[in-house]
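Student: Please take me through this fold. I want the criterion behind each term.

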Amino acid sequence: ADGKEPLTLEEGLALATQHPDWLVSHQGFAMTGSRSADGRVPGIWMSQHSPRLGSMWPTSKHTWIGNAYCTERRGVSLLA
């Protein structure tokens, strides 16, 4: 309803590689636009000064990690 859409794994990894300073300052985020068959979502976070990629349950109590959203998507479709 607020016009935001959750980032996918690909979008989140692009954000983290293009803007690593943002990842460091925000400590990480979950990419709820992608889910595995069992419902887990991918996340990327900082641990011991290094980025870590893993999965988590969307209902987990990781209050320090938020969900990443976008308000619009730009670019060209590679499928067209």
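**Strand 3 and its sheet**

Tutor: Five of the seven residues of strand 3 (residues 41–47) are buried, so strand 3 is largely enclosed by the rest of the structure. Buried means under 20% relative accessible area, exposed over 50%, partly exposed in between (1.4 Å probe, protein chains only). Strands (E, at least two residues) and helices (H or I, at least four) are DSSP runs numbered from the N terminus. The model is predicted: local features need pLDDT of at least 70, side-chain atom pairs count only at pLDDT 80 or more, and totals for chains, interfaces and linings use all residues. Residues are numbered from 1 along each chain as its sequence is written, and side-chain values use heavy atoms, with hydrogens and water left out.

Student: How do you know that strand 3 and strand 4 pair?

Tutor: Pairing requires at least two DSSP bridges between two strands. Strand 3 and strand 4 (residues 50–56) have seven, in the antiparallel sense, so they meet the definition. Pro42 stands opposite Ser55 there.

Student: What makes strand 4 and strand 5 edge strands?

Tutor: The open sheet has four strands in the order 4-3-2-5, with mixed pairing. Strand 4 and strand 5 (66–67) each have a single partner strand, so one side of each is left without a neighbour in the sheet.

Student: Which residues form the largest nonpolar core?

Tutor: Nine residues, among them Phe29, Ile44 and Ala68. Such a core is a set of buried Ala, Val, Leu, Ile, Met, Phe, Trp, Tyr and Cys residues joined through side-chain atoms within 4.5 Å. Phe29 also stands opposite Ile44 in strand 3.
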